[in-house]
Number of protein chains: 2
Amino acid sequence: MSAAPLTVVIVGGVAGGMSAATRLRRLDESAHIVVFERGPEVSYANCGLPYYVGGVIQDREALLLQTPESLHRRFRLDVRVRHEVVHIDTDRRVVEVEGPDGQRMLQPYDRLVLATGARPRRDEPDAGPPVRSLRTVDDADAIHAAARPGLPVVVVGGGYTGLEAVENLVARGAAVTLVQRGPQLLSPLDPEMVAPLAEELRVRGVDVRLGVEITASAPGAVTLSDGTVVAAEFVVDASGVVPEVGLARDAGIRIGETGGIAVDDACRTSAPDVFAVGDGVEKSDLVGGGPALITMAGLANRHGRMVADLIAGRVEAASPAVGAGIVGVFGLALAKTGWSERQLHAAGREFYAVHVHPGSHAGYYPGAETLSMKLLADPASDRILGAQVVGRDGVDKRIDVIATAMQAGVTAAGLARLELAYAPQFGSAKDPVNMLGYVAENTRTGTTPTVQWHGLDDAVRAGAVLIDVRSPAEHVAGAIPGALNVPLDELRDRLDELPAGPLVVHCQVGLRGHIATRLLRQHGRDVRNLDGGYRTWRDGTVR
Amino acid sequence: MSAAPLTVVIVGGVAGGMSAATRLRRLDESAHIVVFERGPEVSYANCGLPYYVGGVIQDREALLLQTPESLHRRFRLDVRVRHEVVHIDTDRRVVEVEGPDGQRMLQPYDRLVLATGARPRRDEPDAGPPVRSLRTVDDADAIHAAARPGLPVVVVGGGYTGLEAVENLVARGAAVTLVQRGPQLLSPLDPEMVAPLAEELRVRGVDVRLGVEITASAPGAVTLSDGTVVAAEFVVDASGVVPEVGLARDAGIRIGETGGIAVDDACRTSAPDVFAVGDGVEKSDLVGGGPALITMAGLANRHGRMVADLIAGRVEAASPAVGAGIVGVFGLALAKTGWSERQLHAAGREFYAVHVHPGSHAGYYPGAETLSMKLLADPASDRILGAQVVGRDGVDKRIDVIATAMQAGVTAAGLARLELAYAPQFGSAKDPVNMLGYVAENTRTGTTPTVQWHGLDDAVRAGAVLIDVRSPAEHVAGAIPGALNVPLDELRDRLDELPAGPLVVHCQVGLRGHIATRLLRQHGRDVRNLDGGYRTWRDGTVR
């Protein structure tokens, strides 16, 4: 660093780019650090934009974490907003930049960091209502200004951002229709896990349309692919993003098969001394092993910081990503890490699944909420492949513990042995994460064989009789068609009443069913437990 | 299991004992399982007792999770309350039991599980006010009945249970004096971490007396070792517990040097086919390597279950314990895992410490609370040796993530690379746990050398000048005596003003101090950052 000062050019001034710039200054006081940002702001709170729309964040200034001026004062960064890099010459090591006045200039670099992010997947809007994404402060301003009680709004896309947009538009009194191309909301999770979300949205008055997309639009309305017409004076497009790679591609930098900029585990691109980080870049996927597009702010920040370390001469490498994510909607939290059952199934991977529904803390302490948890693991190695947690309390804690365990190589059964901090308002002496581990171990070792909710029909067709071991009151309140009710505590005395042949037992959440399965197996019966009980089955089959 | 049925005798019917009994039944339908419990109840919610006293748990029945009858119905357990095992003959494999009528009987066993727990350390009460521990339903009933507005109560012991007792007695309107023998409350944590607790207790009207103990008592009052007399119509003794090992010792079973029953990693005692679990037993300590007394309900349950697996012929071993614990007091949560700085220091272990004070979630989203976090790690291996987290939101999540990382062998710097689920109401794109890892890495690698709060006086005596890089307004609102105020953003322009010789810089929480330290080091200065900033220093030095 005492050699000639480096000139480091960073393209993109939000999460990854700005993390690189500030960390580099802390490591290298002498470097010339230039940040070009196409938009009017740098370092804004993009994950906060929906909450500004909804009025949760009332002060617009709170979104603007830094300005070019504050970054110069503290870090001597040369930050230029409304400056678009239009060309990179990797041979001559120079970028061509177009400023706000349309003038172009050349900026040489010793190291170049591309943090160009992603852009909305949609095409340009047509003649219908105004269409906005929710990715920039300008977008948030436009939606914020348009929102008013009764305004008919269509939100396209039921992923993380779309759901946050829905919640916040409802908070402003808008009449929201949520249009989702796929058959379920929040597709990173499996269908039985998102059932409470669809229910909650309906309760809040959101018109949820699944399996459709907009095919035409006119002022005040859009037409969906099922032929219905929906009133819309505004459309929020949250249908997804694609990596912004035009600049890199034009420069001859290699683009991966996922469509993101290809990088090695030190975020190096195919061009010498050109790094890339953030939503425009492929990540190494812990579960899949190969590259994947995982667009998370945390990864962008971490990789930006890592690139600064590399430029400053340190040896660093990125860990593979698990794609941990969470969204809060109307008090419900939905979170995941790793792959879903759908992904594993599509990739032909071997896996086993378990579902549990424990309380968020000790049942005898007031205020516990029921969690829905799902774990996916490799039957051979017992390696954790994915997890999903849904509920109203303690969801973020459980997904972070499992994500940490997964990254550290803890097995599914190892979750049972994790020692976690316990007091009755925070958890249980057997924490929900421990319970998930216990059930995983019982499942994988065959101690209690299980049937998944989507396998029940096949099991019945193959001759299995379904036994509901809940109380008669629970049975009457809602049961799986065809199930015989024999309460668990009567089971030993009523073994003779059970029909011959294979059985599937179930209770409400799987725990009594496990006890019943163990009991019946020791009495020589061919029996499996319905994993996750009536609750998982109901969540998986509700339409 | 198809051989002759086993007779398994379990001594103690609460956490560990009952976990063993119910798991064993699930694995072995034929075993004869007898549980002897000295007290009148089994399987009660001992961690809920303080909250019953305080009226948080209003229904006394909620504490009684199971009864002998319910356990017989579901698990065919032979549970005998008010039955005290008075002798074990490990040669003849028989226990002698005294029933409620004083009659004695002999009960043979094939396997014996000792889950005798711990008992209060105190001697018998003398002529003063009634003294009760808070370990049984009977204790809780007595304190619940006595509590009334204005009742003068002395709580002895400022650990987990004592603090819960204080909170709940205050909720009932009692006038509470908390007497703690040691110099600080909650001794599993370090003094600078518990400062907010002492402050909170004072705000709530609790009279906190540190460094004293009760030396005499008379009706209506107790005398403390500093000579003061404190009104007390009731004393709650939470001064600690000792393992209940009389029965084991009399039977010739080996007691470890910690005073708990010695067991191997499969919870086997020195006597054949005699297992022991729970608070009466030594645990293997992950940090220390040797045995330790760690009395946590989670470990008791887990080890009870494990012993059932072993008895049923499975191969299992216990993981070393980290002693993860948490307590909630008046909305403040205080949590730890592993060893404290005090323990490491006393044991002569090499370690380094870092403190951070991040928000519990993104600052731009309303409602974030400042966390105080401390990490202790091995400077050679970077292995995590301990962590402490204190605050009003998100404490339980962070301690569980760190405890999981610690058990899985993640290093301190590895915390920076953990990918956690982020949305602005749940965390930050750089989560507090990540921040702790970044600061650890900067500290351990010497990127930013630090001074601990308790090392500041020595640094100043050695000639260091203290520079406060906060704003003038922050400086005026409260500063470390002798510090020169040079705001961070002016530092580059005012280098000439800084005195020659070694410097210590500080800000409010350590982040700006880190930036200043990096800047000054690159300008050739001998400079260290005050770890955790003004806040940690103030918390460590406040009296």
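Which residues of α11(B) are buried? Among them are Pro432(B), Val433(B), Asn434(B), Leu436(B) and Gly437(B). The list also includes Tyr438(B), Ala440(B), Glu441(B), Asn442(B) and Thr443(B).

This is a predicted model: local features need pLDDT of at least 70, side-chain atom pairs count only at pLDDT 80 or more, and totals for chains, interfaces and linings use all residues. Residues are numbered from 1 along each chain as its sequence is written, chains are lettered from A in the order written, and side-chain values use heavy atoms, without hydrogens or water.

**View 1. Helix α11 of chain B.** The helix covers residues 432-444, 13 residues in total. Its first and last C-alpha atoms lie 18 Å apart, close to the 18 Å expected at 1.5 Å a residue. Helices are DSSP runs (H or I, at least four residues). Buried means under 20% relative accessible area with a 1.4 Å probe, counting protein chains only. Because 10 of the 13 residues are buried, α11(B) is largely enclosed by the rest of the structure.

View 2. Asp431(B) caps the N-terminal end. One of its side-chain oxygens lies 2.9 Å from the backbone nitrogen of Val433(B). Just after the helix, Gly446(B) has a positive phi of about 80°.

**View 3. Chain A and confidence.** Chain A has 15 helices and 30 strands (strands: E, at least two residues). Buried residues make up 59% of its 543 residues. Its mean pLDDT is 96, where pLDDT is the predictor's confidence in each residue, from 0 to 100. The complex has an ipTM of 0.96 and a pTM of 0.97 from the predictor.

Definitions and conventions. The expected span of a helix is 1.5 Å times one less than its number of residues. Buried means under 20% relative accessible area, exposed over 50%, partly exposed in between (1.4 Å probe, protein chains only). A polar contact is a pair of N or O atoms within 3.5 Å; within protein, one must be able to donate a hydrogen and the other to accept it, and residues adjacent in sequence count only if both atoms are side-chain atoms.
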